[in-house]
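This report describes one protein model in plain terms. Please look through the sequence and the structure before reading on.

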Amino acid sequence: FISFCALSEAKGMLIKMKRKFKFFLSLEKEERWLNNQLNKGWELVSSSMGYKFKPFNSANKIIQIDYRAFNTKEEFENYVLFMSDTGWEHIRGSKNSGKHYFIGSLSQNREIFSDTESKIEREKRNRNALIGSFGLAICYFILDINSKSTAVNSSILLNPKQTFLTPGLWTLNGKAFISAFLFELPFALGRLLAVAAPPLIAVILAILIIQRQLTIYRYQNRGN
């Protein structure tokens with residue numbers, strides 16, 4: 001993963017903030033990593049555009065992740081209030097974000113999900129959301145294939161050279177080729193990404209769905 005530190009000004013003081021970029025296939029692994037950062041003195045502030053941390057001096061804390069989506073803002077606010085009443089402070093998450101990050105006292109709240117069944121339900125909620133996103137990605141890809149640019153899109157995946165539209169580019173030599181190639185490269189990458197993104201996203205979502213289902217099976221076997 002990639003990490004860097006920055007200084008932010010708050011109340012006239014400079015606060016050292018740390019940002020790390022990391023991708024997790026498992027909610028459990030993400031929780032363990034966040035708690036490892038917490039034990040090192042870094043508390044999660046934000047999970048958008050990477051993980052952002054601030055210095056944290058208090059010990060005996062734990063971070064837990066829940067996964068829920070809400071139909072109304074009122075439902076979300078009642079959920080956050082309920083969790084607060086049970087000793088869990090809401091760090092990050094919104095009505096439609098799915099993931100919700102909480103921090104609580106390790107002495108009072110060992111885990112939000114204290115039984116196997118509640119952990120299974122969390123994984124099912126996450127899996128079902130991923131299935132919905134997977135379906136949308138497949139539909140978009142099918143519509144894209146059936147669009148007017150079908151032949152062009154399909155051939156781009158097989159022959160990326162077609163993303164370069166400069167006439168006679170591949171017949172140029174030396175500095176002329178390098179100059180023309182580098183000039184159009186960003187645009188070519190954009191065209192290639194537009195075609196390749198839907199199937200790539202679908203593959204990633206499929207992997208995540210399989211991982212969530214395997215986690216559900218593992219919890220079920222543990223319960224038995």
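## Salt bridges

The whole structure holds nine salt bridges, a salt bridge being a side-chain nitrogen of Lys or Arg within 4 Å of a carboxyl oxygen of Asp or Glu. Side chains of opposite charge can pair when their charged atoms come close. The model is predicted: local features need pLDDT of at least 70, side-chain atom pairs count only at pLDDT 80 or more, and totals for chains, interfaces and linings use all residues. Residues are numbered from 1 along each chain as its sequence is written, and side-chain values use heavy atoms, with hydrogens and water left out.

Arg 218 and Glu 28 form a salt bridge with an N to O distance of 2.6 Å. Arg 218 lies in helix 5 (residues 174-223) and Glu 28 in helix 1, so the pair links parts of the chain 190 residues apart. Helices here are DSSP runs of H or I with at least four residues, strands are runs of E with at least two, and both are numbered from the N terminus. Glu 28 is buried at 15% relative accessibility, while Arg 218 is partly exposed at 34%. Buried means under 20% relative accessible area, exposed over 50%, and partly exposed in between (1.4 Å probe, protein chains only).

Glu 77 and Lys 73 form another salt bridge, at 4.0 Å from N to O. These two residues are separated by about one helical turn because they are four residues apart in helix 2 (residues 73-85). A network of salt bridges links Glu 31, Arg 122, Glu 123 and Arg 212.

## Overall fold

The protein chain has five helices and seven strands. Their order along the sequence is β-β-α-β-β-β-α-β-β-α-α-α. Of the 224 residues in the chain, 34% are buried.

## Leu 27 and its surroundings

Leu 27 belongs to helix 1 (residues 27-39) and counts as buried because its relative accessibility is 1%. Beyond residues up to four places away in sequence, Leu 27 touches Ile 65, Lys 99, Arg 122, Glu 123, Asn 126 and Arg 212; contact means heavy atoms within 4.5 Å. The C-alpha atoms of Leu 27 and Glu 123 are 8.4 Å apart, although 96 residues separate the two along the chain.

## Nonpolar cores

A nonpolar core is a set of buried Ala, Val, Leu, Ile, Met, Phe, Trp, Tyr and Cys residues joined through side-chain atoms within 4.5 Å. The largest has 15 residues, and Leu 34, Leu 44, Tyr 51, Phe 53, Ile 63 and Tyr 101 touch the most other members. Helix 1 gives the largest share of this core, four residues. Another core, of nine residues, lies apart from it and includes Ile 62, Phe 76, Tyr 79 and Ile 112.
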